[in-house]
Amino acid sequence: EILDEAIYKGKQVSFNYNHFETDKKLHPALNNDGIPKEYIINPYQIAATNGRYYLICNNDKYDNVSNYRLERITNIKLLDSPVKPQGKVKGLENGLNLPKHMAEHLYMFSGESIPVRFIAKKYLLNDLLDWFGKDIKIEEQKDGRFLIKVKASINAMEYWAMQYLNAVEVLSPLELRER
């Protein structure tokens, strides 16, 4: 509710962000003094993917887009300060295009979207369109496979490609292919 209000009013929020440890309980990220770190966030949108809810936002310390899992946020507070305009956030200069953002940030990995090229077996076409949307570039190859060109986060693409290891071959970027 606080995030909805912040997005509606164009206000920043602060919160603690948590991670699981071996006791299977959430623990806050800590600063260098061992005190729970307070994040100051510019919230723009809440989105659901793969059965999880994410906050699409900007961490005020940086100039890029961030994604935070909602269930890992605690101690949230609505602040009086206005959000940073999306035009000042790298990747949101023209506003948030949610379908494009979701297609380029599979599994909601943050990071810059880069061009990725890979070969995919023909039977993956439906899955490719489900994952990447209709903006992907598809070139049919003589052997019946497809050459696919997309823009995506390199970490998200690594994770995605591992799931389809028997059906895809990453061509570029070289760093991703080597991973």
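Two residues are in contact when they have heavy atoms within 4.5 Å of each other. That idea runs through this report on a predicted model, in which local features need pLDDT of at least 70, side-chain atom pairs count only at pLDDT 80 or more, and totals for chains, interfaces and linings use all residues. Residues are numbered from 1 along each chain as its sequence is written, and side-chain values use heavy atoms, with hydrogens and water left out.

## Ile-154 and its contacts

Start with Ile-154. Leave aside its neighbours within four places in sequence. Ile-154 then contacts Glu-112, Ile-114, Pro-173, Glu-175, Leu-176 and Arg-179. Leu-176 is 22 residues away along the chain, yet the two C-alpha atoms are separated by 6.7 Å.

Ile-154 belongs to helix α4, residues 154-163. Helices here are DSSP runs of H or I with at least four residues, strands are runs of E with at least two, and both are numbered from the N terminus. Is Ile-154 buried or exposed? Its relative accessible area is 15%, so Ile-154 counts as buried. The cut-offs are simple: buried means under 20% relative accessible area, exposed means over 50%, and partly exposed lies in between, with a 1.4 Å probe and protein chains only.

## The whole chain

Now step back. The protein chain holds 5 helices and 10 strands. Its C-alpha atoms fill a box of roughly 60 × 40 × 25 Å along the principal axes. The chain has 179 residues, and 37% of them count as buried. Take the contacts with a separation of 6 or more: 62% of these join residues 24 or more positions apart.

The chain exposes about 10,900 Å², and carbon and sulfur atoms supply 49% of that area. Such areas come from the Shrake-Rupley method with a 1.4 Å probe; for residues, only the protein chains shown count as cover.

## The nonpolar cores

In soluble globular proteins, nonpolar side chains tend to be buried together. A nonpolar core is a set of buried Ala, Val, Leu, Ile, Met, Phe, Trp, Tyr and Cys residues joined through side-chain atoms within 4.5 Å.

Which residues have the most contacts inside the largest core? They are Phe-118, Leu-128, Met-157 and Trp-160, in a core of 20 residues. At least two residues of this core come from each of β7 (113-120), α3 (125-132), β9 (146-153), α4 and β10 (168-172).

## Aromatic pairs

The whole structure contains 10 aromatic pairs. Rings of Phe, Tyr and Trp (its six-membered ring) pair if their centres lie within 6.5 Å; planes under 30 degrees apart are stacked, over 60 edge-to-face, and the rest tilted. Here are two of the pairs.

| Pair | Centre distance | Plane angle | Type |
|---|---|---|---|
| Phe-15 and Tyr-17 | 6.4 Å | 50 degrees | tilted |
| Phe-132 and Trp-160 | 5.1 Å | 70 degrees | edge-to-face |

Phe-132 sits in helix α3 and Trp-160 in helix α4, so this pair ties together parts that are 28 residues apart in sequence. Both Phe-132 and Trp-160 are buried.

Phe-15 is buried too, at 1% relative accessible area. Tyr-17 also counts as buried, at 15%. Phe-15 and Tyr-17 form one aromatic cluster with Tyr-39 and Tyr-68.

Arg-69 is in strand β5, residues 66-69. Its relative accessible area is 16%, so Arg-69 is buried. Beyond its neighbours within four places in sequence, Arg-69 contacts Tyr-17, Arg-52, Tyr-53 and Tyr-54.

Leu-30 lies in the loop between β2 (26-28) and β3 (39-49). With a relative accessible area of 48%, Leu-30 is partly exposed. Under the same exclusion of sequence neighbours, Leu-30 contacts Ile-35, Pro-36 and Lys-37.

## Backbone exceptions

Most residues other than glycine have a negative phi, and most peptide bonds are trans. Where is the cis peptide bond? It joins Ser-172 and Pro-173, with omega about 5 degrees. Pro-173 lies in the loop between β10 and α5 (174-178). Asn-75, in strand β6 (residues 73-82), has a positive phi near 55 degrees.
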